[in-house]
Amino acid sequence: MVKEMRWDSKLSSLHKLNHVFVKFAVSFLLLGLAFRLFSSDSFRISSVVETAPLAEQNAESPVVSLPIQASVSSVDPENETQTSDNVAAKCDIFTGDWIADQSGPAYTNESCHVIEGHQNCLKNGRPDFGYLYWRWNPRDCELPRFNAERFLHLMRNKSWAFIGDSISRNHVQSLLCILSQVEQAVEVYHDEEYRSKRWRFPAHNFTLSVIWTPFLIKAAIFEDMNGVSLSEVQVYLDELDEQWTDQYKDFDYAVIAGGKWFLKTAIYHENNTVAGCHYCPGKNLTELGFDYAYRKALRLVLNFVTRNNHKAFVFLRTTTPDHFENGEWFSGGYCNRTVPFKEGEIDMRDIDSTMRNIELNEFEEAAAVGSKNGVVLKLLDTTRLSVLRPDGHPGPYRQFQPFAKDKNGVVQNDCLHWCLPGPIDSWNDLVMELLVNGEEYR
């Protein structure tokens with residue numbers, strides 16, 4: 001009896017020991033699996049591979065074939081998010097760096113047929129290619145590439161408008177070029193001067209428009225296509241430009257931007273009378289300044305948007321910096337840099353800072369009103385990241401082979417608009433992120 005009790009006791013002890021061992025083994029396996037998942041996810045979010053840009057080359061042909069991104073539609077259109085909530089919540093997508101990217105642009109000047117001559121830098125003979133191999137990388141998170149297939153899926157039966165000056169037209173051409181990798185757009189309208197246009201994507205019943213309205217408000221402009229003005233611009237600070245407001249109800253989405261035209265000499269009208277001017281010596285008028293006029297105009301525009309019965313999804317894009325050095329566009333200024341600036345190497349000009357501060361202030365007030373009225377208003381703050389790209393402008397290559405006859409010839413430079421392909425393509429990455437994960441950003 002005693003022996004049996006001792007034997008049973010040994011079995012019981014052994015059973016308990018085995019039970020403890022099994023529990024320990026299972027716990028160890030679970031801990032290892034959790035660590036594996038955690039380390040894998042951490043690597044996916046935080047790892048960024050930086051490589052040197054391709055060596056700059058000489059262009060031997062006006063049409064240059066460049067590598068296209070291998071994955072145009074790598075994200076499932078049905079997937080609701082492109083970045084994790086935790087990453088997006090702490091990320092300022094407008095603060096970061098331009099990092100080297102060997103994959104290059106999503107399209108080439110050969111594959112896209114809507115690039116205007118003044119922005120087709122490679123066709124016009126620009127000899128260096130390095131400016132094409134950089135991408136915008138927010139400091140605290142990873143910005144997904146623009147996904148053309150998903151964008152068109154989301155825009156099925158929708159309408160989108162870019163409303164502003166020639167930079168808006170530059171921007172819409174970039175978007176069209178990226179989307180052309182999935183579906184070619186059909187131009188269905190243009191105005192007499194080809195400044196306002198409309199395209200349709202038949203397979204998706206998606207309409208994309210650009211409306212040229214450089215002041216966003218009513219203005220009488222006496223300037224030809226080459227920028228030569230016969231008289232001062234007459235700007236009406238209390239009247240919106242019906243060129244876009246009459247069509248506004250037809251748009252599901254809109255990108256609104258202005259700014260640069262307010263630097264021109266102008267006479268300002270309010271309440272059916274001349275109120276003052278900007279830079280009009282000899283006119284015996286009160287100098288109100290461009291900042292006064294821009295604030296009035298932007299407030300009028302945003303009031304219209306946020307109080308409108310039509311609830312569109314609206315982006316306010318901030319002002320675009322130029323990079324003229326040693327003069328302006330009319331006085332021999334040029335831009336011949338071939339690599340981006342790094343943070344701290346250049347400061348925003350006072351004029352750009354003034355405009356952007358006006359935009360930020362007016363946006364904050366309008367966004368609060370819009371949220372109460374069911375209007376989605378998002379800030380597309382491209383100013384600071386664009387300041388870092390002096391290498392992305394056409395410069396002398398706004399015209400075809402500018403030095404063909406005289407390699408030392410003096411030609412007009414364009415240091416305001418952007419080459420296509422070029423840095424402006426990254427603006428669409430930002431648009432896509434705000435469109436898809438907009439609730440994660442202000």
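Author: Let's start where helix α4 (residues 166–179) packs against helix α9 (residues 425–437): the angle is about 75°, and the axes lie 9 Å apart. Axes here are lines fitted to C-alpha atoms, for helices over the stretch in contact, and angles run from 0 to 180 degrees between N-to-C directions. Helices (H or I, at least four residues) and strands (E, at least two) are DSSP runs, numbered from the N terminus. α4 and α9 are therefore roughly perpendicular to each other; angles under 35 degrees count as roughly parallel, over 145 as roughly antiparallel, 65 to 115 as roughly perpendicular and the rest as oblique.

Before going on, a word on the source: this is a predicted model, where local features need pLDDT of at least 70, side-chain atom pairs count only at pLDDT 80 or more, and totals for chains, interfaces and linings use all residues. Residues are numbered from 1 along each chain as its sequence is written, and side-chain values use heavy atoms, with hydrogens and water left out.

So who meets whom? On the α4 side you'll find Ile167, His171, Ser174, Leu175 and Ile178, and they meet Asp425, Trp427, Asn428 and Val431 of α9; contact means heavy atoms within 4.5 Å. Sorted by class, the contact of α4 with α9 has five nonpolar, three polar and one charged residues. For the classes, Ala, Val, Leu, Ile, Met, Phe, Trp, Tyr, Cys and Pro count as nonpolar, Asp, Glu, Lys and Arg as charged, and the others, Gly among them, as polar.

Now zoom in on Asn428, which has its place in helix α9. Asn428 is buried, with a relative accessible area of 1%; buried means under 20% relative accessible area, exposed over 50%, partly exposed in between (1.4 Å probe, protein chains only). Not counting residues up to four places away in sequence, Asn428 touches Phe146, His171, Ser174, Leu175 and Ile178. Take Ile178: Asn428 and Ile178 are 250 residues apart in sequence, yet 8.9 Å apart in space, C-alpha to C-alpha.

Over in helix α4, look for Val172. Val172 is buried too, with a relative accessible area of 0%. Leaving aside neighbours within four places in sequence, Val172 is in contact with Phe162, Trp199, Leu208, Ser209 and Val210. The C-alpha atoms of Val172 and Asp425 are separated by 9.8 Å, though these residues are 253 residues apart along the chain.

Seven strands form an open sheet in the order β4-β5-β6-β3-β9-β12-β13, and the pairing is mixed; two strands pair if DSSP finds at least two bridges between them. β4 (186–190) and β13 (376–380) stand at the edges with a single partner strand each, so one side of each is left without a neighbour in the sheet. From one strand to the next, the twist averages 15°. Strand β12 (residues 313–317) pairs with β13 in the parallel sense over five bridges, and Leu316 stands opposite Leu379 in β13. Helix α7 (residues 350–372) packs on this sheet, touching β12 and β13, and its direction makes about 160° with that of β13. Our helix α9 packs on the sheet as well, touching β3 (159–164), β9 (253–256), β12 and β13, with its direction at about 145° to that of β12. As for β13, four of its five residues are buried, so it is largely enclosed by the rest of the structure.

There's also an open sheet of four strands, in the order β7-β8-β10-β11, with mixed pairing. Its edge strands are β7 (217–220) and β11 (273–278), each pairing on one side only. Here the twist averages 30° from one strand to the next. β7 and strand β8 (residues 233–240) pair in the antiparallel sense over three bridges, and Ala219 stands opposite Val235 in β8.

Stepping back to the whole chain, you can count nine helices and 13 strands. Of the 442 residues in the chain, buried ones make up 48%. Among contacts in the chain with a separation of 6 or more, residues 24 or more positions apart account for 77%.
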